[in-house]
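I opened my notebook to look up a few things in this structure. Here is what I wrote down, entry by entry.

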Amino acid sequence: MIRYLSARSLKNGLMTLLMVTATLAVLTPLVIIFLHILKMGASSINLDFFTQIPKPTGETGGGMANGLMGSAIMIAMASCIGLPVGVLGAVYLTEYGGNRLSTVIRFSADVLAGIPSIITGMVAYTLLVVPMKNFSALAGAVSLAMIMIPIVLRTTEEQLKMVPGTLREASLALGVPLWRTTLKVTLASARTGIVTGVLLAIARIAGETAPLLFTALGNQFWSRKMTEPMAAIPLQIFNFAISPYDDWHRLAWAGALVLVVIMFTLSLAARYFGRQSQAR
Amino acid sequence: MKRKSLFGRFAHGDTLFRWITLLFAASILLILLLMAMEMVKESLPSLQRFGWDFVTSSEWDAVQERFGSLPFLYGSVVSSILAILLATPLSVGTALFITDIAPSKVGSIVAALVELLAAIPSVIYGLWGILVMTPWLQQTVQPFLIDKFGFLPLFQGAPYGVSMLAAVFILMIMIIPIITSITKEVLLAVPLAQKEAAYALGATRWEMLRMALLPYARSGILGAVILGLGRAIGETMAVTMVIGNTPQISLSLLAPAYTMPSVIANEFAETTSKLHASALMEIGLILLFVTLLINVMARLLIWSVTRGSTGGKA
C-alpha cells in the first residue's frame with residue numbers, strides 16, 4: 001500500500017517538475033528576446049533617432065522620424081475609419097440585436113479577426129492602389145482599419161453588455177429617446193471599457209507590417225500626402241533588418257525598442273482603464 | 001403644443017439611429033464578402049490558366065509565366081505543423097503551471113509576462129530571428145545536427161542559418177503565448193466541482209489534472225491549438241525574414257524554404273505581369289480559405305467548453 005502510494009506521488013512530483021520545466025522553457029527565449037531588444041535598442045537610441053530621417057547607405061547616424069510620423073498618421077486615419085464602425089456596430093448588436101443577422105455579424109467579426117493581415121493588404125491594394133495607380137498612405141490606413149474593426153466591435157460589445165438594463169430604463173422612463181439614451185447613458189457609462197478596447201486595437205495595428213508592404217510601401221523621405229507612399233516604423237524595421245549594413249541594423253534595433261515601449265505603454269494603459277471599468 | 005412638436009421631431013430619431021448602427025454593423029459582413037469577391041475575381045486569370053496544376057506543380061518562374069504553388073504549400077504546412085508539435089506540450093504545460101501549480105502570485109506574473117510577449121509585433125521577432133537566432137543556428141546548432149544526425153535525411157546539407165528549422169523555431173516562440181493564454185482561459189472555465197470531486201476521491205494533483213481537468217477541457221485546448229495553427233500559417237514577417245525564401249521542396253530541415261505569406265510579401269509589390277499578380281492572388285485565396293476553415297473550427301471547439309461556465313449551468 002505504502003509502495004503504491006509513493007509511486008503515485010512520485011509520478012505527481014515528476015509531472016509537476018515537467019510542467020515547471022515547460023514554463024521555464026517557454027519563458028527563456030521570450031525573456032532572451034526581450035533583453036536583446038532592450039540591450040541593442042537602448043545603445044542605439046539618441047536624439048537623432050527621433051528628429052532625423054534615415055541616412056543613405058554608407059553614412060552613419062540618421063533616425064526614423066519620418067517613420068514615427070507616418071505610423072502616427074496612418075494609425076490616426078485607420079482609427080477615424082475603424083472606431084465609428086466598430087463602436088456603432090457594437091451598439092447595433094447590443095441594443096437592437098438578438099436576431100439572426102446579429103449572430104452572422106458577430107461571427108463575421110470573429111472570422112475577420114482571424115484572417116492573416118497580409119490579406120487585408122492585398123484587398124486594399126486591389127481596391128485602392130490599382131485604381132489610384134499609386135501606393136498610398138490612404139490604402140495603408142484602410143488595410144489597418146480592416147484589422148481594427150473586429151477588435152473594436154467585439155470589445156465594445158462586451159462592455160455594452162455589462163451596462164445594467166436598469167440604467168437604460170431609468171433614462172427611458174424620463175422620456176429620453178432611445179438613441180439619446182444610447183449615446184448619453186449607455187455608451188457614456190461603458191466609456192472606460194471601450195477605451196480599453198480601442199487602446200488594444202491601436203497596439204495591434206501599430207506593429208502591423210505585412211499589410212503595409214504593398215499599400216503604404218514605405219518612404220525614405222518625409223511624406224505628408226495621404227495619396228503618396230509613406231514611411232512607417234514597422235516597415236523601416238523590416239527593411240533595415242534584412243539589409244546588410246550594421247548602421248541600419250542599429251536603427252532597426254532602436255526602432256524595435258521604441259515600438260515595444262509603445263506597445264507595453266498601450267497595454268498597461270489598457271489594463272489601467274480595464275481595471276477602472278471593472279471597479280464600477 | 002411645444003412638447004408635441006418636440007416629440008414629432010424625435011419620433012424618427014430612433015428609427016434613423018437604428019438604421020445607422022445597422023449600416024455600420026452590416027459593413028463587417030460587407031468587408032468580408034468584398035474581400036472574398038475581390039480575391040476570387042483577381043485570381044481568375046490564374047485559376048483559368050493553370051487549374052489544378054497550380055497546386056500540384058512546383059515550378060515558379062515569373063519570366064516564363066509558369067506558376068505552381070506546391071513549394072509554398074509544402075513550406076507553410078510543414079513549418080506550421082512542426083511549430084505546433086513543439087509548441088503545444090510547452091504551452092499546455094505552462095498553462096497548467098499558471099492555473100494549478102504555481103502559487104497564485106507567481107502564476108499571475110507568468111501569465112502577465114506571457115501576455116505582454118504576445119503583444120510584441122512579428123517584425124520584431126523577425127529582427128531578432130535574422131540578426132541573433134540564425135547566426136546562432138548556423139554556427140552552433142546546425143553543425144552539431146549535421147555532425148551527429150547527418151545520416152538522417154532531415155539533417156543533411158550545409159548550415160545556411162536561414163532555413164526551415166529557423167522558421168519552425170521562430171514560429172514556435174511566437175505561437176506559444178497565444179496557445180498558452182487561450183488554454184489558460186479554457187482551464188479556468190472548467191467548473192471547480194470537477195476538481196474538488198477528484199481530490200475528494202483521493203487523487204494526487206497530477207491525477208486530478210489528467211483525469212478530471214484535461215478531459216473536460218480537451219476540446220477547448222484543441223481549439224487553442226488549432227487557433228495557434230491558424231496564426232502560424234498566416235504569419236508573414238518573421239517567417240519571411242528567417243526561412244530563406246527559396247521555392248524548393250527539400251526533406252532537410254536545414255535547407256531554405258518558402259511559405260505562402262512569404263512569397264506574397266516578397267513579390268506582390270513588384271509583380272512583373274498580370275498573370276504573376278493573379279498567381280499571387282490565388283495563393284492569397286488559398287491562404288484565406290484555409291485560415292477561414294481553421295478559425296471556424298477553433299471557435300466552435302473553444303465555445304463548446306467555455307459556454308458551460310458563462311451560461312450559468314454548473
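**Entry 1: one aspartate**

I started with B:Asp100, which I found in helix α3 (residues 70-101) of chain B. I kept in mind that this is a predicted model.

Is B:Asp100 buried or exposed? Its relative accessibility is 14%, and buried means under 20%, so I noted B:Asp100 as buried.

Next I asked which residues B:Asp100 touches, leaving out those up to four places away in sequence. I listed B:Lys195, B:Arg205, B:Met208, B:Leu209 and B:Leu213.

I also looked at B:Thr99, whose side chain joins that of B:Asp100 in a polar contact of 2.7 Å.

**Entry 2: the partner of that aspartate**

The side chains of B:Asp100 and B:Lys195 meet in a salt bridge, with 2.9 Å from N to O. B:Asp100 is in helix α3 of chain B and B:Lys195 is in helix α7 (residues 192-200), so this pair ties together parts that are 95 residues apart in sequence. I checked B:Lys195 for burial too, and both B:Lys195 and B:Asp100 are buried.

I then picked some in chain A to look at.

A:Arg154 forms a salt bridge with A:Asp110, and their closest N and O atoms are 2.9 Å apart. Here A:Arg154 belongs to helix α6 (residues 137-161) of chain A and A:Asp110 to helix α4 (residues 100-114), so the pair ties together parts 44 residues apart in sequence. I noted A:Arg154 as partly exposed, at 22% relative accessibility, and A:Asp110 as buried, at 16%.

This pair also belongs to a network of salt bridges, which links A:Arg106, A:Asp110, A:Arg154 and A:Glu157.

Another salt bridge joins A:Glu208 and A:Arg204, with the closest N and O atoms 3.3 Å apart. A:Glu208 is buried at 10% relative accessibility, while A:Arg204 is partly exposed at 30%.

**Entry 3: where the chains meet**

I moved on to the contact between the two chains. It takes 73 residues from chain B and 76 residues from chain A. About 7,000 Å² is buried between them, and carbon and sulfur atoms give 83% of that area. Which residues of chain B lose the most area to chain A? They are B:Phe17, B:Ile28 and B:Trp206, together 10% of what that side buries.

I counted polar links as well: two salt bridges between chain B and chain A, and seven residue pairs in polar contact, both residues at pLDDT 80 or more. One salt bridge I looked up runs from B:Glu207 to A:Arg8, with the closest N and O atoms 2.6 Å apart.

Helix α1 (residues 2-50) of chain B gives the most to the side of chain B that touches chain A, with 20 residues. By class, I noted 53 nonpolar, 12 polar and eight charged residues on that side.

Last, I checked the scores. The model has ipTM 0.93 and pTM 0.92. Chain B has a mean pLDDT of 91, and 94% of its residues reach 70 or more. Over residues 310-314 of chain B, though, the pLDDT is below 50, and this stretch has two contacts in the model beyond near neighbours in sequence. I left myself a reminder: where pLDDT is low, predicted coordinates should not be read in detail.

Methods:
Residues numbered from 1 in each chain as written. Chains lettered and ligands numbered in written order. Heavy atoms only, no water. pLDDT = per-residue confidence, 0-100. Contact = heavy atoms within 4.5 Å. Buried area = accessible area lost by both parts, 1.4 Å probe. Salt bridge = Lys/Arg side-chain N within 4 Å of Asp/Glu carboxyl O. Polar contact = N/O pair within 3.5 Å; in protein donor to acceptor, adjacent residues only side chain to side chain. Helix = DSSP H or I, 4+ residues; strand = E, 2+ residues; numbered from the N terminus. Nonpolar A, V, L, I, M, F, W, Y, C, P; charged D, E, K, R; others polar. Buried < 20%, exposed > 50% of the residue type's maximum accessible area, 1.4 Å probe, protein only.
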